[in-house]
Amino acid sequence: MSKRKPHNDHAGYVAMRRNAISGGYLTIYESAAQGIDTGGDRYAIVCSAHGTLTSDTSIRGARIAMKNPEWCEQCLALKN
């Protein structure tokens, strides 16, 4: 674990970035390795500040969701 990427030692870790809205982290995990039920999607994108998640079938889609956390209702409320 590092200060810059505190979740990089978690099972299924793929990528992480700071959430500009909440100041927390947005993390992509391989859902099966992390034990997250995503209804068959390969990747889970988690907002650590609010404990919400979304999922995607491709890494490209997961990275897009990570860059635009409007799927997290609490982040969306903070933004507006």
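Here's a quick briefing on how the chain is put together.

Keep in mind that this is a predicted model. The chain has three helices and four strands, and from the N terminus on they come in the order β-β-α-β-β-α-α. Of its 80 residues, 34% count as buried.

**The sheet**

- The four strands make an open sheet in the order E1-E2-E3-E4, with antiparallel pairing.
- E1 and strand E4 (52-56) stand at the edges with a single partner strand each, so one side of each has no neighbour in the sheet.
- On average, neighbouring strands here are turned by 20 degrees against each other, if you ignore direction.
- What holds strands like these side by side? In general, the strands of a sheet pair through backbone hydrogen bonds, either parallel or antiparallel.

**Strand pairs up close**

- Start with strand E1 (residues 13-18) and strand E2 (residues 25-30): they pair in the antiparallel sense over five bridges.
- To find your way in this pair, look for Arg 18, which stands opposite Tyr 25 in E2.
- E1 and E2 form a hairpin, with six residues between them. In the turn you'll find Gly 23, which has a positive phi of about 85 degrees.
- E2 is also joined to strand E3 (residues 43-47) by five bridges, and these two run antiparallel as well.
- Here, Glu 30 has Tyr 43 in E3 as its bridge partner.

**A serine tucked away**

- Helix H1 covers residues 31-34, and Ser 31 is found in it.
- Is Ser 31 buried or exposed? Ser 31 has a relative accessible area of 4%, and because buried means under 20%, this serine counts as buried.
- Leaving out residues up to four places away in sequence, Ser 31 touches Ile 36, Thr 38, Asp 41, Arg 42, Tyr 43 and Ala 44.

**The helix across the sheet**

- Helix H2 (residues 59-67) lies across E1, E2, E3 and E4, and runs at about 25 degrees to E1.
- Which residues of H2 are buried? They are Gly 61, Ala 62, Ala 65 and Met 66.
- These residues cover an arc of only 140 degrees around the axis, so they sit on the same side of H2.
- That pattern has a simple background: an α-helix has 3.6 residues a turn, so residues three or four places apart point the same way.
- The buried residues of H2 pack against E1, E2, E3 and E4, while the face turned away from the buried side carries the exposed residues Arg 60 and Lys 67.

**The nonpolar core**

- In soluble globular proteins, nonpolar side chains tend to be buried together.
- In this chain, the largest nonpolar core has eleven residues: Ala 15, Leu 26, Ile 28, Tyr 43, Ile 45, Cys 47, Ala 62, Ala 65, Met 66, Cys 72 and Cys 75.
- The elements that give two or more residues to this core are E2, E3 and H2.
- Take Ile 45 as an example: leaving out residues up to four places away in sequence, its contacts include Ile 28, Leu 53, Ala 62, Ala 65, Met 66 and Trp 71.

**The whole chain**

- Among contacts between residues at least 6 apart in sequence, 27% join residues at least 24 apart.
- The chain exposes about 4,800 Å², and carbon and sulfur atoms supply 46% of that.

Terms used
Residues are numbered from 1 along each chain as its sequence is written. This is a predicted model: local features need pLDDT of at least 70, side-chain atom pairs count only at pLDDT 80 or more; totals for chains, interfaces and linings use all residues. Side-chain values use heavy atoms; hydrogens and water are left out. Two strands pair if DSSP finds at least two bridges between them. Buried means under 20% relative accessible area, exposed over 50%, partly exposed in between (1.4 Å probe, protein chains only). Contact means heavy atoms within 4.5 Å. Axes are lines fitted to C-alpha atoms, for helices over the stretch in contact, and angles run from 0 to 180 degrees between N-to-C directions. The arc is that of the directions from the helix axis to the C-beta atoms. Accessible areas come from the Shrake-Rupley method with a 1.4 Å probe; for residues, only the protein chains shown count as cover. A nonpolar core is a set of buried Ala, Val, Leu, Ile, Met, Phe, Trp, Tyr and Cys residues joined through side-chain atoms within 4.5 Å.
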